[in-house]
Amino acid sequence: MADCGEPDGPGNKDDITRSKNEGKELTKEEKQRLRKQKKHQKKQKERKNEKGPSETEKDKTPVSLLPPPQPVATQKAPSALPAPASAPIPVPASAPFHSSPAPSPADKPAKSKAELKAERRARQETDRAAKQPGSSSSGIKTKVPLSELNPVVKRLPEHVQVDDPAVVKRLAKKLERQQTLPYGASNKIPLRSDYGYKVSLFSHLHQYSRKAPLTQLLSIPSTVIHPSIVRLGLQYSQGIVAGSNARSVALLHAFKQVIRDYTTPPNEELSRDLVNKLKPYISFLNQCRPLSASMGNAIKYIKKEISNIPSQCKEEEAKTKLLTCIDRYIEEKIVLAAKAISKYAIEKISDGDVILVYGYSSLVNNILCEAFEKSRKFRVIVVDSRPRLEGREALRRLVQRGISCTYVLISALSYILPEVSKVFLGAHALLANGYVMSRVGTSQIALVARTYNVPVLVCCETYKFCERVQTDSFVSNELDDPDDLMVTRKGKTQLENWQDVSSLGLLNLVYDVTPPDFVDLVITDLGMIPCTSVPVVLRVKNLDQ
Amino acid sequence: MPGADKEADLTERIEAFLADLKRGGCGTGPIRGSGETARETTALLRKVTAQARWSSAGDLMEIIRKEGRRMTAAQPSETTVGNMVLRVLKIIREEYARSRGSSEETDQQESLHKLLTSGGLSDENFRQHYVHLKANVIEAINELLTELEGTTDNIAMQALEHIHSNEVIMTVGRSRTVEAFLKDAARKRKFHVIVAECAPFCQGHEMATNLSKASIETTVIADAAIFAVMSRVNKVIIGTQTVLANGGLRAVNGTHTVALAARHHSTPLIVCAPMFKLSPQVVITTVVRNRIILSKVNVHCPVFDYVPPELITLFISNIGGNAPSYIYRLMSELYHPEDHDL
């Protein structure tokens, strides 16, 4: 059946072959359809074997084009069986066509058309039979008219299942398995242990202490983990590199170094081996500090680029290609995106504005500095919060540029908001249900701003958009070192011995989610969109890729 | 001469008290709680009544007004001082009226009829001299002092009516009243308390330590996390510095955010405040404590927040629970309208 690409042939088949050529993963529905087709082909082949050997050649070609059978195919057998039972009826009808011993070339197109028709009818029969309530495994098929629904149930990430001992054991085993050299246990990635009393509402999350970085548990020399990754992990866990853009860029630079130092071992392909090499690094970084959404997207991109390296590519060429890919990613998604966002945001800043910002967001700082360069007259109020006090860094940078600033703590928000005309917030990630995940305290600012009718604008690059959904700040969050909350006032540290008191717990949250009704506008590199349009952008991005 | 000595002693006491007040406001929070301030003020006013020279109620009221003005000028943010002065003035009026023989109710009530018909109602200038007025006034002030001493216990006794088991309660900063309230409930019920630390002075830490010593499950959170955890909170119980005449609050910095977050999640906001905090002021001026200007930066550090009455669910005071819309009525029982501007 060399004429599979015929326009009047079954449209589904075209889709499948086209998508296969593009390397796109087949959806569940398409896979099922393919399996059914394959089964049907097999049945047809058997029947035609009785009728004549000539047809088998024709049948063999479509079979070879189909993907190798899935193990799940056995489940489909019961439903496939009754369906083709009705299918053979049209086939024998066309069999008289095939039984001619020597098909002339002139007849060939006509016969293949007839066979195509038979195929189509057979498939329609199977579809119809599958749609009947009697068939067992067709439930998924009837539900999905669109071909773009991804599998609904994803595996729950480990870092929100700390209270399940089975999951923790599984992670420990995974870390052991990820040693690439068969030396002893000293080469595996250590498992970081939790610190301090955890508040019961958050017992499903990790809580680490900054005084016990993971690197202390590593043996030297550690051949599993590249030294730049070790350094990066330490920088993450000590908070030296903080902020989602900074972390992503640092990660990508570290990966560039890894790629430069990489040599393909003999008998291995670069595309597969390099991805495997990156896995323990990612686990290590995850242990140092849970990965952010932006880092997750960057890693996905790199893995995709690596797997797309053709096998005949020479190593040097492949490496340079990867390095340029990474550079381009940083340039496009972070640097140029920031420029685009500044351009849009500056339209929203008018003379005489009083702008409120919270904490330190590299993007918002960028916007304000550029607006100041373009001689907009405004002043800034920087809101800060304990224990991180990141606002001081933002304040320093803005004052250095010459922007007039005011500094308050977040508890003074109701006092200062009547003066404010706009609020600019940065984001750590934008979730698919429109919620904004950002530094803890952002939702509070949005709430109070909404009460005083002050517009809230969130600035976020599209590479931070994430497919997760979340409605509150509990189910997935990060717990920082609880000792950071201790403070000395008037020479007394009240919470000095909080560990000794059994009923006292300290909670140092890092992120919170802001509901979309508090946010008036999201400024991205694709333009200015409302919060609820995030899944649209994600869908467009997926189609592009 | 004993009289002069007494007077010198009295003025010394007053000066010491004023100095204390002045000092208390500028530091990192008052040196003593409002309850103590109220008791000291009342004790001082009792001394003034006993030792100052006055012949009629009018004179006494003048003296007390004068001292009261000085005290409130020393520390304007400490409103309990002014409140106690008003209470004492009301006591004097009552005692005077009782000595005169007229019934208390008719004099106190400001009915519309009276306003229209009598015109110059307060014709009486309190000039008459009564022998037992002094003793009566001092006795009444003693009663007031007893009442003041028992306010915290009275409020704490109501705790079990408002807290059920396995609740999550949020509170802000440090309030002695709320501490006593929660400790009393903890004797019989098990619940969880989340304390917002209230930067920059972090009084919440002390509150958390005290509560956890009483075996209450306590968690300390940063101010920024208030909205994030509010969805799991069942009740918010706070103390306040002043209760205003319209039912609003003047409370520690950050309370307005808590109130807004509680309203968003429909969580009840309960204020534990004894009656001596009720002030006839309605318009408040936010006290800004520090304004440091480091070349190009203004730093603001407001001490108090105004919380409008719509955000408050319930007031628990030593005379029971009240809705915010009823506060104005309570005020007329405690203070006389003519004294509202000292």
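This report walks through selected helices, loops and backbone features of chains A and B. The structure is a predicted model.

**Chain B in outline**

Chain B has 342 residues, and 54% of them are buried. Its secondary structure comprises 14 helices and 12 strands. Take the contacts in chain B with a separation of 6 or more: 79% of them are between residues 24 or more positions apart.

**Helix H11 of chain A and its partners**

Helix H11 of chain A spans residues 244-260. Two helices that pack with H11(A) are described here: H10(A), residues 227-238, and H13(A), residues 293-307. The table sets the two pairs side by side.

| Helix pair | Axis separation | Angle | Handedness |
|---|---|---|---|
| H10(A) and H11(A) | within 9 Å | roughly 165 degrees | left-handed |
| H11(A) and H13(A) | 9 Å | about 30 degrees | right-handed |

Start with H10(A). An angle over 145 degrees counts as roughly antiparallel. H10(A) and H11(A) cross at roughly 165 degrees, so they are roughly antiparallel to each other. On the H10(A) side, the contact uses A:Ser228, A:Ile229, A:Leu232 and A:Tyr236. They meet A:Arg247, A:Ala250, A:Leu251, A:Ala254, A:Phe255, A:Gln257 and A:Val258 in H11(A). The residues of this contact divide into eight nonpolar, two polar and one charged.

Now H13(A). Here the cut-off for roughly parallel is an angle under 35 degrees. H11(A) and H13(A) pack at about 30 degrees, so they are roughly parallel to each other. H11(A) brings A:Ser244, A:Arg247, A:Ser248, A:Leu251, A:Leu252 and A:Phe255 to the contact. H13(A) answers with A:Ser294, A:Met295, A:Ala298, A:Ile299 and A:Ile302. Seven of the residues in this contact are nonpolar, three are polar and one is charged.

Is A:Ser244 buried or exposed? Its relative accessibility is 9%, so A:Ser244 counts as buried. Leaving out residues up to four places away in sequence, A:Ser244 touches A:Ser294, A:Ala427, A:His428, A:Tyr463 and A:Lys464.

**Helix H16 of chain A**

Helix H16 of chain A covers residues 391-401. Its buried residues are A:Gly391, A:Ala394, A:Leu395, A:Leu398 and A:Val399. They lie on the same side of H16(A), because they cover an arc of only 125 degrees around the axis.

What do the buried residues of H16(A) pack against? In chain A the partners are helix H15 (362-373), strand E2 (378-384) and strand E3 (405-409). After H16(A) comes A:Gly402, with a positive phi near 100 degrees.

**Loops of chain A**

The loop between E2 and H16 of chain A holds A:Pro387. A cis peptide bond joins A:Arg386 to A:Pro387, with omega about -5 degrees. Most peptide bonds are trans.

Another loop, between H15 and E2 of chain A, contains A:Ser375. Phi of A:Ser375 is positive, near 60 degrees, and the residue is not a glycine. Most residues other than glycine have a negative phi. A:Ser375 has a relative accessible area of 48%, so it is partly exposed.

A:Arg192 sits in the loop between helix H9 (165-177) and H10 of chain A. With a relative accessible area of 7%, A:Arg192 is buried. A:His206 is 14 residues away from A:Arg192 along the chain, and their C-alpha atoms are separated by 9.3 Å.

**A loop of chain B**

The loop between strand E2 (192-196) and helix H11 (203-213) of chain B has two features to note. The loop includes B:Pro200, which is joined to B:Ala199 by a cis peptide bond with omega about 0 degrees. B:Cys202 is in this loop too. B:Cys202 is not a glycine, yet its phi is positive, about 55 degrees. Is B:Cys202 buried or exposed? At 5% relative accessibility, B:Cys202 is buried.

How values were computed. Residues numbered from 1 in each chain as written. Chains lettered and ligands numbered in written order. Predicted model: local features only at pLDDT ≥ 70, side-chain atom pairs only at ≥ 80, totals over all residues. Heavy atoms only, no water. Buried < 20%, exposed > 50% of the residue type's maximum accessible area, 1.4 Å probe, protein only. Helix = DSSP H or I, 4+ residues; strand = E, 2+ residues; numbered from the N terminus. Arc of directions from axis to C-beta. Contact = heavy atoms within 4.5 Å. Axes fitted to C-alpha atoms, helices over the stretch in contact; angles between N-to-C directions. Parallel < 35°, antiparallel > 145°, perpendicular 65-115°, else oblique. Left-handed = near helix turned anticlockwise from the far one by under 90°. Nonpolar A, V, L, I, M, F, W, Y, C, P; charged D, E, K, R; others polar.
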